[in-house]
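Here are some notes for a colleague opening this entry for the first time. Please read them with the model on screen.

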Amino acid sequence: MILKELRITRHLSQEQLAQMSGLSVRTIQRIESGANASLESQKCLAAALDVSIETLHQETIMFDKNSENWNNLSLFMKVWFAFNFLQLRPKRNTAKRSEVICHFSGFLFCLIGLVNEAALVGGLLMLFSGYLFSFLKWQGDKYGIWYDDAINK
């Protein structure tokens with residue numbers, strides 16, 4: 001059953017899914033860990049996730065890279081899909097920390113660059129990296145892609 005994958009792709013915690021479906025959190029946990037679900041529980045979950053019961057019984061989520069929907073995705077979203085598929089989702093505070101470190105060290109190296117040309121080049125590269133992390137944060141906020149610890153409880 002692909003209940004956990006469906007829940008995560010909809011950015012729902014187990015508590016939220018339990019509330020939406022009318023089941024207990026413990027029931028959601030048992031089903032996600034591989035226990036058999038009653039037909040009534042399956043109906044509640046299917047209704048809450050807006051899928052068919054047959055979809056719940058799929059073993060894996062399949063996607064067609066030749067479909068129109070896939071081709072209409074931006075490169076950023078395709079890369080992000082790959083990260084989600086591999087469960088490599090970044091945390092927003094990690095991107096923020098990296099941005100601050102890059103900007104701080106970039107300004108520091110630029111100051112040192114007043115006496116050393118190589119440090120200036122390094123400083124400019126660090127500042128550029130800081131701005132790339134700023135862009136990553138902006139994209140992450142725009143598409144709501146940040147890892148949330150509540151999702152994987």
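A polar contact is a pair of N or O atoms within 3.5 Å; within protein, one atom must be able to donate a hydrogen and the other to accept it.

1. Overall make-up. The model is predicted. Its chain holds nine helices and zero strands, so in sequence order the pattern reads α-α-α-α-α-α-α-α-α. Of the 153 residues, 30% are buried. Among contacts with a separation of 6 or more, 58% are between residues 24 or more positions apart.

2. Helices H2 and H4. The axes of H2 (residues 14–21) and H4 (residues 39–49) come within 8 Å and cross at roughly 105°. The two helices are therefore roughly perpendicular to each other. On the H2 side the residues that meet H4 are Leu17, Met20 and Ser21, and their partners in H4 are Cys44, Leu45, Ala48 and Leu49. By class, six residues in this contact are nonpolar, one is polar and none is charged.

3. Helix H9, length and burial. H9 covers residues 117–143, which is 27 residues. From its first C-alpha to its last it reaches 39 Å, close to the 39 Å expected at 1.5 Å a residue. Which residues of H9 are buried? They are Ala119, Gly123, Leu127, Gly130, Lys137, Gln139 and Gly140.

4. Helix H9, its two ends. At the start of H9, a side-chain oxygen of asparagine 116 comes to within 3.0 Å of the backbone nitrogen of alanine 118. After H9 comes glycine 144, with a positive phi near 60°.

5. Glycine 113. This residue sits in the loop between helix H8 (92–112) and H9. Is glycine 113 buried or exposed? Its relative accessibility is 14%, and buried means under 20%, so glycine 113 counts as buried. Leaving aside neighbours within four places in sequence, glycine 113 is in contact with Ala119 and Leu120.

6. Threonine 55. Helix H5 (residues 53–56) contains threonine 55. The side chain of threonine 55 makes a polar contact of 2.9 Å with the side chain of serine 52. Leucine 3 is 52 residues away from threonine 55 along the chain, and the C-alpha atoms of the two are separated by 9.2 Å.

How values were computed. Residues are numbered from 1 along each chain as its sequence is written. This is a predicted model: local features need pLDDT of at least 70, side-chain atom pairs count only at pLDDT 80 or more; totals for chains, interfaces and linings use all residues. Side-chain values use heavy atoms; hydrogens and water are left out. Axes are lines fitted to C-alpha atoms, for helices over the stretch in contact, and angles run from 0 to 180 degrees between N-to-C directions. Helices (H or I, at least four residues) and strands (E, at least two) are DSSP runs, numbered from the N terminus. Angles under 35 degrees count as roughly parallel, over 145 as roughly antiparallel, 65 to 115 as roughly perpendicular and the rest as oblique. Contact means heavy atoms within 4.5 Å. Ala, Val, Leu, Ile, Met, Phe, Trp, Tyr, Cys and Pro count as nonpolar, Asp, Glu, Lys and Arg as charged, and the others, Gly among them, as polar. The expected span of a helix is 1.5 Å times one less than its number of residues. Buried means under 20% relative accessible area, exposed over 50%, partly exposed in between (1.4 Å probe, protein chains only).
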